[in-house]
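Hi,

Here is the structure we talked about.

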2 protein chains.
Amino acid sequence: MTKRLTILDIARLSGVGKSTVSRVLNQDPNVNPQTRDRVEAVIREHGFEPSKSARAMRTNSARLVGIIVSRLDSASENRAVRGMLEVLYARGYDAMLMESEFDPAKVDEHLALLARRGVDGVILFAFSSLELEHLRAWQDKLILMARDWPQISSVCYDDQGAIRQILEKLYAAGRRQIDFIGVDQSDATTGALRLQAYQQFCAEHQLPCRYLTGSLDVQSGYDLTAKLLTPATDAVVCATDTLAMGAAKYLQEQQRHDVQLTGVGNNPLLHFLFPQVLSVDPGYKQAGRLAAEQLLLQLEQQAEPCAQIAPSHDL
Amino acid sequence: MTKRLTILDIARLSGVGKSTVSRVLNQDPNVNPQTRDRVEAVIREHGFEPSKSARAMRTNSARLVGIIVSRLDSASENRAVRGMLEVLYARGYDAMLMESEFDPAKVDEHLALLARRGVDGVILFAFSSLELEHLRAWQDKLILMARDWPQISSVCYDDQGAIRQILEKLYAAGRRQIDFIGVDQSDATTGALRLQAYQQFCAEHQLPCRYLTGSLDVQSGYDLTAKLLTPATDAVVCATDTLAMGAAKYLQEQQRHDVQLTGVGNNPLLHFLFPQVLSVDPGYKQAGRLAAEQLLLQLEQQAEPCAQIAPSHDL
DNA sequence: CTGTTAGCGCATTCAC
DNA sequence: GTGAATGCGCTAACAG
C-alpha cells in the first residue's frame with residue numbers, strides 16, 4: 001500500500017479523462033459500454049477504491065448515518081440495528097455505531113462528533129433521562145427510536161400490541177390472576193405504554209390489576225417478582241425479556257411451576273434457559289428497517305419530517 | 001441547520017485570515033493569545049465544527065479506525081471494544097464499528113468499505129473460518145484480536161492463564177475429577193489454547209483428562225456436558241461463560257449440586273443466574289486498550305508492526 | 001459520448 | 001504572528 005490511487009491514475013491508465021472514470025463510478029448511463037468495460041477492468045485490476053472523503057466534500061453528503069444505541073449488547077436494540085444496516089447498506093449508506101450507555105452527556109458528545117463527520121442523519125435510541133429539547137437542531141435529520149416527541153420523526157415498537165397479544169393468550173388459556181412487572185413510567189414506551197396496555201386489558205376483562213415497576217435489569221425482575229407474587233397468581237407478564245429472566249429465576253427457586261411467565265423480545269437465551277416462558281417479538285428488526293427507510297426518505301426530501309411510526313407486529 | 005459554516009466564515013467573523021483560524025483549530029503555538037481567544041470565542045458562539053472530510057482529504061488521514069467484531073452482542077468482545085474506544089477517543093480518533101457475524105465475506109466487504117473511508121487502521125476480531133492470507137494488504141495498519149498470524153500484530157487474551165488460574169483454585173479446593181468443555185480446535189485461541197492449558201495442568205498434576213469440544217453456543221455447552229458428565233465428576237471447566245451457561249442448565253436439571261462449574265469471562269448474567277459458577281475475566285477490556293494503543297503506535301510510526309501481545313491478567 | 005474546468009473545506013507552504 | 005496561494009480527490013457544470 002504505497003500511495004492510494006486516485007481517479008486520475010485510473011483515467012490515465014485506461015486512456016480516458018477523469019470525468020469519464022467518475023461517470024463509470026457513479027453509474028452514469030451516458031458512457032459508451034466499451035469504455036465503461038475498459039475502465040471497470042482497470043479499476044478492478046488495481047483494486048481502486050474511490051475516496052469517500054473527497055466525494056463527501058464535493059457532494060456535501062458523506063453517505064453516512066449515525067446510530068446511537070443505549071448499549072451495544074442490548075439484544076433488542078441489536079435486532080433493530082441489524083434491520084437498519086440492512087436497508088442502509090442496500091442504499092449505499094454506511095453507518096457509524098455508537099453507544100450512549102444511557103448517558104445524555106455521551107449522546108451530546110456523539111452528536112457533535114457525528115456533525116464533524118458530516119453525517120447525513122442520525123438514528124437515536126431514546127432512554128428516560130434523555131433531554132430531547134436540544135435535539136431540535138437535528139430535527140429533520142433525526143429519527144428517534146422508542147419515543148415520540150413533537151417535531152421529530154420516531155419509530156416505536158408495537159408495545160401495546162405485544163402486551164395485548166400475550167394477555168389474550170393467557171386469558172384464552174384460562175389464566176385469571178395475571179400480575180405485571182414493568183419498568184418505571186419515566187420510560188414512556190417500555191414503561192408507560194406497556195403498563196397501560198396491561199391496565200386496559202384488565203379493565204376490559206374485569207381482571208384484578210396487580211403490578212410493580214422498577215429498573216430494567218434482571219435483578220429488578222427478580223426482586224419485583226418476589227414482592228408481587230401471591231399464592232393466587234397464575235401468570236406473570238413482564239415488560240421485557242430481561243425482566244422475565246430475573247422473574248424466571250425467582251419462580252424456579254420458589255418452584256412455582258403453576259405460574260405462566262411471559263416476556264417481550266423473543267430473546268434466544270431466555271428461550272433456551274427457560275423454554276416454558278412465553279415471549280413475543282414486537283418487531284424489532286422491522287422497526288429498525290422502518291426507521292432507516294424513514295430517515296432516507298426525509299434526507300432525500302421525499303417526505304416531510306415528523307412521521308410518528310408505530311408498526312403493528314405480525315404474529 | 002441552513003448551511004454549515006466553514007473556516008472561512010469564522011475567519012471573516014473574527015476579522016482574521018483563514019489560516020489563522022486553522023492554526024487555532026490545530027493548537028499551533030504560533031498564534032497571538034489575543035487573536036486566539038477572539039477566534040475561539042467566535043467558534044464557540046457559532047457552534048462551528050470543522051469538517052472532518054476536508055481535513056481527512058488534506059492530511060491524508062481520516063483519524064478513523066475500523067473495528068470489526070464478530071457479533072455486536074458478544075459480551076466479551078464488547079468489553080474489549082469499550083477498552084479500545086477509551087483510548088481511541090482519548091487520542092482524537094473515531095471508530096467505525098462493524099459486525100462480521102463470523103462470515104469471512106462480510107469481513108472483506110467491511111474492509112473494502114473501510115478502505116474507501118480512508119481509515120487509518122483496523123482492529124479485527126478473528127474467528128476460525130477467517131481467511132487470514134489476504135489480510136496482508138492491511139499488514140501494518142491492522143491488529144488481529146485473539147489470534148496470532150505471521151507479519152501481523154495481534155493481541156490475545158490470556159487464555160492459558162485464565163484456565164490455569166481456575167484449575168488451581170479447583171485443585172486447591174480438593175477437586176480431582178475435573179472435566180473440560182471447550183470449542184473446536186479450529187479456533188486457535190479459545191479452542192486450542194484453552195484446551196491445551198487444561199491438558200497441561202492435568203498432566204502436571206496427574207489428573208485424569210476428560211474433555212469434549214464443539215461450537216461456542218449455549219446449546220453446545222448443554223449437550224457436551226450431558227455427554228461428558230460421569231457420577232465421579234466433581235468439577236466442569238468451560239472454555240467460555242456461554243458454554244458454562246448451557247452446562248449450568250444441565251447440571252441444574254440433573255441436580256448435580258456436587259459439581260463445581262467454571263467459566264471464563266465474568267459475564268454478569270451468568271453470575272446472576274448461577275452464582276455458584278466460578279468465572280474469571282481474562283482481561284478483555286485491558287486487551288482492548290492494548291490493541292488500540294499498539295495500533296496507534298504503529299500508525300504513528302513509533303513502533304514496528306507485528307507485535308504479538310499476550311497480556312497476563314491480574315487476578 | 002467525452003474532456004476541460006472549477007471549486008467543495010481544510011492544512012500547509014511561502015511571503016510579508 | 002499573520003494572510004495569500006496551492007492542492008488533496010472528487011463531482012458537476014460546461015463545451016466540444
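**Around the DNA**

In this predicted model, a backbone N or O atom of B:Ile7 lies 2.3 Å from a phosphate oxygen of DNA strand C (a polar contact is a pair of N or O atoms within 3.5 Å). From chain A, a polar backbone atom of A:Gly17 is 2.8 Å from a phosphate oxygen of DNA strand C, and the side chain of A:Ser19 has an N or O atom 3.0 Å from a base nitrogen. Helix 2 (18-25) and helix 4 (52-59) of chain A, together with helix 2 (18-25) and helix 4 (52-59) of chain B, are the elements giving two or more residues to the surface near DNA strand C (near: a heavy atom within 4 Å; helices are DSSP runs, H or I, of at least four residues, and strands are E runs of at least two, numbered from the N terminus).

**The sheet in chain B**

Chain B has an open sheet of six strands, order 2-1-3-4-5-11, with parallel pairing (strands pair if DSSP finds at least two bridges between them). Strand 2 (94-99) and strand 11 (308-309) stand at the edges with a single partner strand each, so one side of each has no neighbour in the sheet. Strand 3 (residues 121-125) and strand 4 (residues 142-145) of chain B pair over four bridges, and B:Val122 has B:Leu142 as its bridge partner.

Residues count from 1 along each chain as its sequence is written, while chains are lettered from A and ligands numbered from 1 in the order written. Local features need pLDDT of at least 70, side-chain atom pairs 80 or more, and totals for chains, interfaces and linings use all residues, with side-chain values on heavy atoms, leaving out hydrogens and water.

Cheers

Methods:
A polar contact is a pair of N or O atoms within 3.5 Å; within protein, one must be able to donate a hydrogen and the other to accept it, and residues adjacent in sequence count only if both atoms are side-chain atoms.
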